[in-house]
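Q: I have a structure open and would like to go through it with you. Can we take it piece by piece?

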Amino acid sequence: MAKGTAFIFLFSSLLVLSLSSVSADKDDHGDQQVYIVYLGSLPSREEYTPMSDHMSILQEITGESLIENRLVRSYKKSFNGFAARLTESERKRLAGMERVVSVFPSRKLKLQTTSSWNFMGLKEGIKTKRTRSIESDTIIGVIDSGIYPESDSFSDQGFGPPPKKWKGTCAGGKNFTCNNKVIGARDYTAKSKANQTARDYSGHGTHTASIAAGNAVANSNFYGLGNGTARGGVPAARIAVYKVCDNEGCDGEAMMSAFDDAIADGVDVISISIVLDNIPPFEEDPIAIGAFHAMAVGVLTVNAAGNNGPKISTVTSTAPWVFSVAASVTNRAFMAKVVLGDGKILIGRSVNTYDMNGTNYPLVYGKSAALSTCSVDKARLCEPKCLDGKLVKGKIVLCDSTKGLIEAQKLGAVGSIVKNPEPDRAFIRSFPVSFLSNDDYKSLVSYMNSTKNPKATVLKSEEISNQRAPLVASFSSRGPSSIVSDILKPDITAPGVEILAAYSPDSSPTESEFDTRRVKYSVLSGTSMACPHVAGVAAYVKTFHPQWSPSMIQSAIMTTAWPMNASGSGFVSTEFAYGSGHVDPIDAINPGLVYELTKADHINFLCGLNYTSDHLRIISGDNSTCTKEISKTLPRNLNYPTMSAKVSGTKPFNITFQRTVTNVGMQKSTYNAKVVKFPGSKLSIKVSPRVLSMKSMNEKQSFMVTVSSDSIGTKQPVSANLIWSDGTHNVRSPIIVYAMS
């Protein structure tokens with residue numbers, strides 16, 4: 001496919017959500033760019049043929065009879081739309097058509113475990129309750145960079161044929177074979193069919209797929225680090241692979257095709273560890289659009305929250321029908337000690353597998369090895385073309401930035417010590433490196449300044465116990481949502497730091513030109529790793545409750561999560577960092593009550609966001625209307641498992657939340673409301689009624705929560721927890737009220 005800004009046109013009742021754009025795709029067709037045209041839901045009339053319709057629309061808009069070179073993709077299985085090369089004037093004419101929901105560029109999106117499942121309580125073997133036969137019929141669709149099918153994590157030994165419900169195919173292309181574990185594969189990145197392959201050349205897709213549903217593989221490790229049994233949340237489940245990312249990024253129009261196919265193929269859960277750089281409205285977000293149509297047919301989409309924390313309002317996964325996952329540390333950490341020439345030991349973070357054999361090497365600071373053509377400020381960062389190779393070769397180089405490591409190695413440095421901007425995670429590098437905290441880095445610089453011939457050595461990494469777990473990682477994107485201020489995002493937190501999982505030997509563990517290592521398992525960090533943990537939990541819950549809707553599964557996971565406390569002050573360390581809390585797979589299978597949402601509820605939610613009746617009908621594919629009464633629906637009254645509201649920070653307020661719960665616990669049960677406020681809270685919270693008496697399964701009862709207070713200021717959100725308890729189940733919903741300056 002020629003590169004260009006792709007706009008997707010969708011003609012069905014589906015929302016278009018914005019995706020994280022790395023760069024717009026530019027192609028070689030003059031001033032044409034690739035746009036996605038979203039047309040909502042597929043029309044139900046039998047005589048309708050999407051491809052013919054899409055070509056007819058293009059012919060009408062372009063005035064050309066032959067439009068094969070214009071049409072890039074056609075979405076015709078699960079929703080309606082296409083991607084095409086258009087000029088700006090053609091885009092405008094298309095956007096003005098009544099049947100078109102949105103036209104937007106196809107930008108590039110970003111890709112964002114031996115102990116993590118044990119840490120969450122999902123133990124290996126008979127220690128964990130499982131329904132193996134149903135788990136084997138469960139299919140997780142992984143939209144990512146492909147997969148390394150030969151990995152032991154994806155062996156089909158002991159697996160029977162694919163589930164009868166599977167409607168997909170193995171179109172993995174050259175050098176790719178599916179089996180009864182990896183039952184389907186498609187590649188959307190190749191520029192020609194001859195070059196198609198769903199093989200993973202970056203390791204990312206292999207890693208995420210194995211976290212969600214990899215087999216149990218004993219003695220998995222990264223050069224001895226993290227040794228143990230690597231496995232996914234649902235090891236007996238099947239995997240369907242949808243490759244949308246290559247070394248240039250992930251195209252939006254390809255992602256739309258992946259959703260279109262995955263939904264039609266019959267997957268049960270979609271895991272997508274891809275995020276947006278920007279945060280567009282729902283109707284221009286490929287993930288939000290695809291996830292909406294998935295939700296409409298009972299498929300839950302789990303998405304990474306993003307790696308742009310700790311800044312506020314950086315979470316990109318904001319649609320309420322998308323399960324947004326933040327990343328946290330686990331109870332394990334990898335450390336690499338730096339031993340100075342005077343014997344002092346500094347402890348840094350690193351996944352360092354290189355052994356310097358205790359040899360002390362000379363130290364040099366990047367700024368002291370600067371070329372005359374480069375400023376000191378750039379040299380201290382070890383920026384390209386700034387260091388003098390004669391002063392660097394054979395030494396350990398201090399760099400103030402992680403970006404300068406390759407430059408130091410290229411010039412012959414034997415290792416590097418770096419000021420660590422993210423002290424809660426370790427990195428793999430292609431030569432000996434340790435990342436020090438600011439204080440230890442200053443101590444090292446002081447040692448160098450006071451010593452005539454400063455020397456040091458970097459030791460191989462070792463594994464230690466992390467007493468701070470679970471704590472949200474600093475890089476994990478934070479709320480509040482910039483699209484809908486009254487929906488708390490992210491939704492949940494899961495392990496996403498230093499996760500050991502399967503990797504592709506077709507790539508080095510650092511993707512560095514200097515790294516010749518090839519491994520079957522590697523250590524990665526990011527919300528990309530947290531996302532498949534929750535996808536695995538969602539699939540695990542579904543094996544016990546096959547008929548539950550996506551919202552019921554999401555609610556069960558959110559209301560049973562471990563509570564987390566703020567680790568500091570301000571927005572970045574509150575519920576806007578961790579959502580409902582840390583995922584708890586065991587309790588999630590028996591939540592007691594759930595907050596259920598239907599497609600109609602989401603349509604009403606969009607009506608309250610001022611979407612027109614015409615667009616809602618196109619998106620929904622039915623006769624949905626946005627009446628005056630429905631248009632007054634407040635986003636905070638969506639039947640969501642959390643309660644969030646933005647208020648004035650300088651005035652008193654009195655707000656209400658309307659909610660309905662469904663009984664999925666015991667047939668006859670009585671739930672009492674308990675409000676837990678944090679010390680010093682100014683909130684007054686009333687629940688009416690305070691008692692819910694359930695007489696049958698699936699019975700629904702409604703209640704109202706009223707929150708009031710004097711002014712709360714803009715520096716710190718105020719929060720509490722509402723817990724419905726019947727003595728066995730504790731159904732917890734965070735309540736958060738905030739104001740921003």
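Q: How many aromatic pairs does the count come to?

A: This is a predicted model. The count comes to 10 aromatic pairs.

Q: Take F427 and F435. How far apart are the ring centres, and what sort of pair is it?

A: The ring centres of F427 and F435 are 5.2 Å apart. Their planes are at 50°, so the pair is tilted.

Q: Are those two buried or exposed?

A: F427 and F435 are both buried.

Q: Which residues do ring pairs link into a cluster?

A: F282, F292 and W321 are linked in that way.

Q: And what sits over the ring of F475?

A: The charged end of R425 does, 4.1 Å from the ring centre.

Q: New topic, sheets. What is the strand order in the open sheet of four strands?

A: The order is β13-β14-β6-β16, and the pairing is antiparallel. β13 (245-246) and β16 (274-275) are the edge strands, each pairing on one side only.

Q: How many bridges are there between β6 and β14?

A: Two bridges join β6, residues 108-111, to β14, residues 249-251. K108 is placed opposite D251 of β14.

Q: Which helix lies across β6, β14 and β16?

A: That is α6, residues 252-265, and α6 runs at about 65° to β14.

Q: On to the backbone. What kind of peptide bond joins G309 and P310?

A: A cis one, with omega about 5°. P310 belongs to the loop between β17 (300-304) and β18 (322-328).

Q: What about S688 and P689?

A: The bond between S688 and P689 is cis, with omega about -5°. P689 is in the loop between β34 (684-688) and β35 (691-694).

Q: What is phi of C382?

A: Phi of C382 is near 60°, which is a positive value in a residue other than glycine. C382 is in the loop between α8 (376-379) and α9 (389-392).

Q: Why does C382 count as buried?

A: Because its relative accessibility is 0%, and buried means under 20%.

Q: And N698, what is phi there?

A: Near 65°, a positive value in a residue other than glycine. N698 lies in the loop between β35 and β36 (700-709). With a relative accessible area of 52%, N698 is exposed, because the cut-off for exposed is over 50%.

Q: Last one, where is L634?

A: In the loop between α18 (628-631) and β31 (643-646). L634 has 37% relative accessibility, so it counts as partly exposed. L634 and K520 are 114 residues apart in sequence and 50 Å apart in space, C-alpha to C-alpha.

Conventions:
Residues are numbered from 1 along each chain as its sequence is written. This is a predicted model: local features need pLDDT of at least 70, side-chain atom pairs count only at pLDDT 80 or more; totals for chains, interfaces and linings use all residues. Side-chain values use heavy atoms; hydrogens and water are left out. Two strands pair if DSSP finds at least two bridges between them. Contact means heavy atoms within 4.5 Å. Axes are lines fitted to C-alpha atoms, for helices over the stretch in contact, and angles run from 0 to 180 degrees between N-to-C directions. Buried means under 20% relative accessible area, exposed over 50%, partly exposed in between (1.4 Å probe, protein chains only). Rings of Phe, Tyr and Trp (its six-membered ring) pair if their centres lie within 6.5 Å; planes under 30 degrees apart count as stacked, over 60 as edge-to-face and the rest as tilted. A charge sits over a ring if NZ of Lys or CZ of Arg is within 6 Å of the ring centre and within 35 degrees of the ring normal.
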